[in-house]
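Here's a quick briefing to read alongside the model on your screen. Have the viewer open and follow along from one topic to the next.

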Amino acid sequence: MNKPLRRIAVFCGFLILALIVRDNWLQYVQADTLAKDEKNRRVTIERYATPRGDIVVDGKPITGSKESGDGNDLKYQRTYTNGSMWSPVTGFASQSVGATQLESIEDGILTGNDDRLFFRRSLDMLTGEKKEGGNVVTTLDTSAQKAAYNGLKGLGKGAVAAIDPSTGAILALASAPSYDPSTFAGADGKAFQKLDKDKDKPMLNRALRETYPPGSTFKAVTAAAALEHGLYDDIDAPTKSPLPWTMPDTQTPLPNEGNIPCKNASLREALRVSCNTVFGKIGSDLGKDKMLETAEKFGFNEEQFVPVRSNASVFPEKMDRPQTALSSIGQFETAATPLQMAMVASAIANDGKLMEPYMVSELQAPNLDVIEKHAPKEMSRPLSEENAQKLQDMMETVINDGTGTNAKIPGVTVGGKTGTAQHGVDNSENPYAWFISYAKTDSGSPVAVAVVVEDSKAGRDDISGGGLAAPIAKDVMKAVLDSKK
């Protein structure tokens, strides 16, 4: 063979070798990745080739499937019962735009493609049975969710989160305005595009993904820090809190709302009437490190996965002394999700033990066999049992004789804290109305709640946590109590 032909032969040999290597790379190394790639149309066809399993609340499905009937290659589409009420829990599964939240996270179970269902799929292939999806059983309480959803109607934007303090189980997760995932479950994505462009962001899960200045509800965290770090131990003794109180390193006095009795007020009295001066000075006296330590034990500065991701709430790590004072009354850069503030109320109600929040109790195979069951898990101990009970005593005074009387439930011990958080440049926009609370019975505390009303249609002077948010929290707590009777 002459030299030019030999070179051509070697070159062709390299080309064939490259093709063999590439073919094997695609077939064996990347096969699984390519098979599951969202851009692979076969993945979408398979996902909607059979009815999806269901998301279940109180033993009943809140989702379903129906034949698309529009002639495309995706046979089934998702349906939702009371979709607008449940969308902050379910998310959506859409032929046109994909899936979110539980529909996305548990897609393998719902489609029947999860590896834990391999034996079931193999058995179905042998017997000729149609593949079925499994179920996602939630911790949600229908009556609590309905109370939260109905309570937010007509109040503009807002959210509610409710937790069982003893386990961390999420009982309600509502967001307003909301949307119905059924409207774009099929191949036509026009309804989704309209919702996506809506300036009120109805598809934003405000209970998990929006952080707000918590205002005076954060004073419960500051009170916990004062007790835990030994700044004060007697909740009825006078504090060292002058009036007016000028923030350190400034000539700026920290104002209170109205003419309230805050001079040297006890912790109980300061929480009852919501004294900025007392709690601002506590934060300044403790310093940013001790305040940060307590806030982070409650869950601040850390994302939560329930299993849907919740934004990290924020307590600033870098502050000077006046900023520490402002942060300690829920201002400056302090920001919290409704879930986070429900966690604060939950830990206090549970005698200082914070349980990890979750909203999926178990995953089921198509034949209802349990594949995975959630075990409640302790997350942290923000405060001791003794100090938690002192703080409960303080929060119950807020309900019985303070700013939270609208949350009273006859025959039930209720503790709470109101908050009205500044919003906009120089507080130019309507404030946020907050309320956190818990209910206690002889058998324990079955529910802790956080409510925020973001964009109330009420006049500015009529916006308050006690006036707008507390009645919603009351209805949610009562719904949980009634469902347990």
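In this predicted model, helix α11 (residues 219-228) passes helix α17 (residues 385-401) in a right-handed crossing. Handedness works like this: a crossing is left-handed if the near helix is turned anticlockwise from the far one by less than a right angle, and right-handed if clockwise. Helices here are DSSP runs of H or I with at least four residues, strands are runs of E with at least two, and both are numbered from the N terminus.

This is a predicted model, so local features need pLDDT of at least 70 and side-chain atom pairs count only at pLDDT 80 or more, while totals for chains, interfaces and linings use all residues. Residues are numbered from 1 along each chain as its sequence is written, and side-chain values use heavy atoms, with hydrogens and water left out.

**α11 against α17**
- The two axes come within 10 Å and cross at roughly 140°; axes are lines fitted to C-alpha atoms, for helices over the stretch in contact, and angles run from 0 to 180 degrees between N-to-C directions.
- That makes α11 and α17 oblique to each other, given that angles under 35 degrees count as roughly parallel, over 145 as roughly antiparallel, 65 to 115 as roughly perpendicular and the rest as oblique.
- On the α11 side, the contact (heavy atoms within 4.5 Å) uses A220, A223, A224, L227 and E228, and α17 brings N387, K390, L391 and M394.
- By class, the contact of α11 with α17 splits into six nonpolar, one polar and two charged residues; Ala, Val, Leu, Ile, Met, Phe, Trp, Tyr, Cys and Pro count as nonpolar, Asp, Glu, Lys and Arg as charged, and the others, Gly among them, as polar.

**α11 against α13**
- Helix α13 (residues 276-286) and α11 have axes that come within 10 Å and cross at roughly 50°, so these two are oblique to each other as well.
- The crossing of α11 and α13 is left-handed.
- K219, T222, A223, A225 and A226 of α11 meet N276, F279, I282, G283 and L286 of α13.
- The contact of α11 with α13 holds six nonpolar, three polar and one charged residues.

**α11 against α14**
- Helix α14 (residues 288-297) packs on α11 at an angle of about 115°, with the axes 9 Å apart.
- The crossing of α11 and α14 is right-handed.
- V221, T222, A224 and A225 come from α11, and M291, T294 and A295 from α14.
- The contact of α11 with α14 has five nonpolar, two polar and no charged residues.

**Two buried serines**
- S328 sits in the loop between α15 (321-327) and α16 and is buried, at a relative accessible area of 0%; buried means under 20%, exposed over 50% and partly exposed in between, with a 1.4 Å probe and protein chains only.
- Not counting residues up to four places away in sequence, S328 touches F218, K219, T222, F279, G283, M291 and F315.
- S284 belongs to helix α13 and is buried too, at 12%.
- Leaving aside neighbours within four places in sequence, S284 is in contact with W245, P248, R321, T324 and A325.

**Nonpolar cores**
- A nonpolar core is a set of buried Ala, Val, Leu, Ile, Met, Phe, Trp, Tyr and Cys residues joined through side-chain atoms within 4.5 Å.
- The largest one has 83 residues, and F298, F300, V344, M359 and L391 touch the most other members.
- Helix α16 (residues 338-349) gives the most to this core, with nine residues.
- V344 is in contact with A220, V221, F298, F300 and I436, leaving aside neighbours within four places in sequence.
- A second, separate core of 32 residues includes A144, A407, A433 and V480.

- N135 is in strand β7 (residues 135-138) and counts as buried at 13% relative accessibility.
- Beyond four places in sequence, N135 is in contact with G53, D54, V56, I109, E362, L363, Q364 and L368.
- P366 is in the loop between β13 (360-364) and β14 (370-373) and is buried at 17%.

**Whole chain**
- The chain has 18 helices and 18 strands, and 52% of its 485 residues are buried.
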